[in-house]
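Here is a friendly walk through the structure shown below. Keep the 3D view open and follow along.

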Amino acid sequence: MAEHLYQALLATITYANIIALLFGSLVGIVVGILPGLGPMVGMVVLLPFTFALDPGVALSLLLGVFCGGYFGGAIPAILMRTPGVPSSLITSFDGFPLTQKGEAQTALSAALVGSFSGGIISVFILMFLAPILAHVAASFGPPEYFAAGLFGVTLVVMAYRDRLAQGLVLLGLGLWISTVGIDGPTLVPRFCFGTLAMQNGLHLVPVCLGLFGIGQTLILAERRILQTESMSLTRKTLDFSKIMGALRYWKSLVMSGVIGTFVGLLPGTGSILASFLSYETVKRTSKDPEAFGKGTPEGCLASEAGNNAVPAGAMIPLLTLGIPGDALSAVLLGVFTINGIYPGPLLLVKEPVLINTLYLSMLFINVAAFLMLAIWLRPFAMVVRVSNTLLAAVIMVLSLVGIYAVNTRLFDAGVAIVMGVLGYILLRLEWPVVNLVMGVVLGEILEERLRESLSISEGNPLIFLQRPISLCLFIATALIVVIPLILDWRRHRRSNAAG
Amino acid sequence: MAGKANPKSRVHDLFTAFLGLSAAGVLVSSPWQVDTSGPYPFYKGALIFPLLALGLMVLASVPSIIRLFRSSGEASWYLDGGGIPVKPIGVLTLVLAFLAGIPFVGLELSSFLFLAATLFYLGHRSAKVYLGMSLLLTALLYLVFKYFLDVYFPTPWLFQLLGG
């Protein structure tokens, strides 16, 4: 263990890795600050560039964007009541009132300390929990993996159950997209419609880049997302005394970090729930709950610690079971598999150095993002003034040339444009695009496990109910479908009776 | 500017039905799209999973299709007030021209023309912005993709033609 940790430390402090995590954090903060973009756009735009990198360095780069995005999102939320990332909306409840009182520094310091603490706490929980979960998952066979994958997918679908039909359609579409191209076991071309280009399949990179990068860019070209350009920032850097002042809420920091990690661990829950639950729990246990919503640094700190704990929390099921909890970790799973690394219980045994490098990189990323924002607060805050339309044109051209560069095929850029149009429509309709991405990423894994399971049982589907872990997971899947639907139905009936 | 999407709008049902019916079309044609004549039984074969995925799409879209056929005159088609997306359509046209332009005039000229045209179209009227930024970004693209990453780009047809 100590030997692996030492080797991981050496791998973490290589020039390439340090540059990757610093650059990733920088990009993450910038896209987090810019309302309407967010870490997903940053990650997918950088995705084509990761193919030339070592897997550890590539993951550090993307994790930097993932974590940095949540750091950056708080700045416009506090200064302009315009959250950079959706979960920072909760931060604006107290952050913006503090800014109006002329205490923007207090709010920003609390948010930054919250983000940093949430990130660090969650990485330590990840380091502790991942081996335990991997130990449990070591006894998994194909039926258990299939049941676990189905459970994860169902959680995501049920998280958006107000759009259940649309969510299922998108999930089905994603699963179908994952089957296009030559089938590995049988070498049969599937749904290629007579074209040679389709035989290589529809890769994750053009699909994700199209859906998120180009789709979001088309929205940017059309809408003026920022509500204001005014900002109340009196200093270039953060005030050190205010940072120290925020540390007196250490109990709230720990509580929010733990809540955020466990919410992040559950597929489909997302960072908004983590932020909201942390905020509400801290509010309930605070000595001064009346101050919440009117401008208290404790509120900013709780919500930011909650949402910044999500990335490490989401890594727990990803690393141990190979099940991503959201679209961002789905992209990370894609990077793993493209590099021939398959997350699962054996990953922690087979690649201990890579895993420890990942943990250490996440710790470094949190430190780097914290320092960057503390030192260059004003330049970062000025990023919100960059024109949306200029950003749209830059992202569009970078995305398309980046996609072409991966396989030097213009066909992939064409796929990205088609997916971009679909992404634009889905964003306008406010449908859960995450279901589509989950389908594309998990499709291959689910199909493989399903066929393996049926091969073991010679075609008998009851195999999933004959093995205890698989049976428990199927029961849990059924419960997460049935219970919320019953609760919704009862609520609907009660409101009808009252109305 | 578009507002929040109206969840009651029939547009949702229309698009769900479109996806569901397209899936049904693919489902029906799948025996011709996937060769199942090999030695593998159905449960090990290449068709089982796509059929499940397409079946899920079709089943999930059935309520929307029924609602669409039953919709009365009171049905709302209002989505978000954004109207016809003229700007995105314009940008997409420019994007397609950009991609088509790469084999004709090369990455540099195609990128420069795309960026300048897009920025002008999106409202940047200052030549310093739309020409200067386009030039700067094209140089950046050249440096990153051609110089550092050494990515292969096809020799432009136009230059081949001019060069004889």
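Domain bounds, as used here, come from an automatic or database domain assignment. On that basis, chain B is divided into domain 1, covering 10–70, and domain 2, covering 86–162. The C-alpha centres of these two domains of chain B lie 39 Å apart. Please keep in mind that this is a predicted model.

**The nonpolar core**

The largest nonpolar core has 216 residues. Leu62(A), Ile78(A), Cys208(A), Val397(A) and Val437(A) are the residues with the most contacts inside this core. Its largest share, 17 residues, is supplied by helix α4 of chain A, residues 55–80. Chain B takes part as well: domain 1 (10–70) and domain 2 (86–162) of chain B both give residues to this core, so the core lies between them.

**Where the chains meet**

How many residues of chain A are in contact with chain B? There are 47 of them, and they are in contact with 58 residues of chain B. On the side of chain A that touches chain B, at least two residues each are supplied by α8 (164–177), α9 (204–222), α19 (388–407), α20 (410–429) and α21 (433–456). The largest share of that side, 10 residues, comes from α19(A). Sorted by class, the side of chain A that touches chain B has 30 nonpolar, 8 polar and 9 charged residues.

The axes of α20(A) and helix α3 of chain B (residues 86–121) come within 11 Å and cross at roughly 175°. Angles over 145 degrees count as roughly antiparallel, and that makes α20(A) roughly antiparallel to α3(B). From α20(A), the residues Leu410(A), Ala413(A), Ile417(A), Val421(A) and Tyr424(A) meet Pro88(B), Leu92(B), Val95(B), Leu99(B) and Ile102(B) in α3(B). The residues of this contact divide into 10 nonpolar, no polar and no charged.

**A glycine in α20(A)**

Gly423(A) is found in helix α20 of chain A. Is Gly423(A) buried or exposed? Gly423(A) is buried, because 26 other C-beta atoms lie within 10 Å and 20 or more are enough to count as buried. Leaving aside neighbours within four places in sequence, Gly423(A) is in contact with Gly210(A), Leu211(A), Phe212(A), Ile214(A), Gly215(A) and Val433(A). Gly423(A) and Tyr249(A) are 174 residues apart in sequence and 41 Å apart in space, C-alpha to C-alpha.

Most residues other than glycine have a negative phi.

| Residue | Phi | Loop of chain A |
|---|---|---|
| Leu187(A) | about 60° | between β1 (181–182) and β2 (189–190) |
| Glu458(A) | about 55° | between α21 and α22 (463–466) |

Leu187(A) is exposed, with 10 other C-beta atoms within 10 Å. Glu458(A) counts as exposed because it has 10 C-beta neighbours inside 10 Å, and the cut-off for exposed is 12 or fewer.

Definitions and conventions. Residues are numbered from 1 along each chain as its sequence is written. Chains are lettered from A and ligands numbered from 1 in the order in which they are written. This is a predicted model: local features need pLDDT of at least 70, side-chain atom pairs count only at pLDDT 80 or more; totals for chains, interfaces and linings use all residues. A nonpolar core is a set of buried Ala, Val, Leu, Ile, Met, Phe, Trp, Tyr and Cys residues joined through C-beta atoms within 7 Å. Helices (H or I, at least four residues) and strands (E, at least two) are DSSP runs, numbered from the N terminus. Two residues are in contact if their C-beta atoms, placed from the backbone, lie within 7 Å. Ala, Val, Leu, Ile, Met, Phe, Trp, Tyr, Cys and Pro count as nonpolar, Asp, Glu, Lys and Arg as charged, and the others, Gly among them, as polar. Axes are lines fitted to C-alpha atoms, for helices over the stretch in contact, and angles run from 0 to 180 degrees between N-to-C directions. Angles under 35 degrees count as roughly parallel, over 145 as roughly antiparallel, 65 to 115 as roughly perpendicular and the rest as oblique.
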